[in-house]
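Hi,

Here is the structure I promised to pass on to you. Have a look at it first, and then read my notes below.

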Amino acid sequence: MNFREWALPGYTILIQLATGMFFVLWMIRTFLRTDENEKELNELAKIPVIIIFSTILMGMLISHFHLSRPLMSFLAIVNFRNSWLSREVLFTLLFFLSTVALISRLWISPASYRMISILGWVAIVFGLITLWCMTSVYLLPTQVSWNHSLSQFSSYGTALLLGVFSLMVVFLMDIRFSLERESSSVFVKIKFVNRALKGMVITAIVAAIWIFFADLNEISLLQNMSLESAQISLNLLFGIYKPLLIMRFSFLTLGTLCFSIYSIGTLIGKQKIAEMIGPIYVFCLFILIGEIAERFLFYATHVRIGL
């Protein structure tokens, strides 16, 4: 895969990460919310939302490197009624613009907790629809290894897993910087992250199982197909690309398992939440490496049939 081809995996992973981070953040807001802590929850969301915005923007910019004529990308939305690609482009743009609107109400012209929550859920819905459109683009009869709903199923699991790890990184970076600045809000942030940690661990485990289930079922689907193209894809997967397949599952397992074990140590008081920042970088890197390997395998093992 050349640089132009890597633009698509880069875009898909970044949009999945942004959507998953947004969803996990807003679920934390929902479960931790009381009448007394609404202002503090809005404050907690400020930095993560900026990171989400930056991630979406980066994904949109990277996607242009896949195009032969990037300056004409705006024309991609004109076939909205018939093209999943046009829908993907439009909903990505709506995801971005709704995130911009949320930032303006968080940072520039502060709004009520209810308004912030509504704007956030609107953005998340656009993000989830974008993921659906993104995976629907690949449902092609001429691409047997892609033409099934398991890719869509796996995409949401990936978004959830990336969301947990990336949000945890952002939370811990925010806490570390707040400690260095001796900010008065740091103890409130630590309290929220400690309360959210158990749910984040459970979510990561569920998402990892979700991805394993989808990937193993996808392999089983290819094994049960008599089509030559399906068998060629399977041979590529268990032949030349077998080391990448092993690496994909190994890093997925290692990242989730290490995060879970280390988090349990934090929950029972063996170390402070701020001390997780170094290890969480490594655990998040494991997950990213696993997903990059999966994206490569997705594109490298497909075999076209017909015209």
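A salt bridge here means a side-chain nitrogen of Lys or Arg within 4 Å of a carboxyl oxygen of Asp or Glu. Please keep in mind that this is a predicted model, where local features need pLDDT of at least 70 and side-chain atom pairs count only at pLDDT 80 or more, while totals for chains, interfaces and linings use all residues. Residues are numbered from 1 along each chain as its sequence is written, and side-chain values use heavy atoms, with hydrogens and water left out.

How many salt bridges does a search of the whole structure find? There are six. One of them joins arginine 295 to glutamate 294, with the closest N and O atoms 3.0 Å apart. Arginine 295 is buried (under 20% relative accessible area; exposed is over 50%, partly exposed in between, with a 1.4 Å probe and protein chains only), at 12%. Glutamate 294 is buried too, at 14%. Salt bridges with shared partners also tie Asp215, Arg248 and Glu291 into one network.

Next, look at aspartate 174 and lysine 189, whose side chains meet in a salt bridge (3.1 Å, N to O). This pair links distant parts of the chain, 15 residues apart: aspartate 174 lies in helix α5 (residues 150–180) and lysine 189 in helix α6. Helices are DSSP runs (H or I, at least four residues), as strands are (E, at least two), numbered from the N terminus. Aspartate 174 is buried, with a relative accessible area of 8%, and lysine 189 is buried at 8% as well.

Finally, glutamate 38 and arginine 33 form a salt bridge through their side chains (2.5 Å, N to O). Glutamate 38 is partly exposed at 22%, and arginine 33 is partly exposed at 38%.

Best wishes
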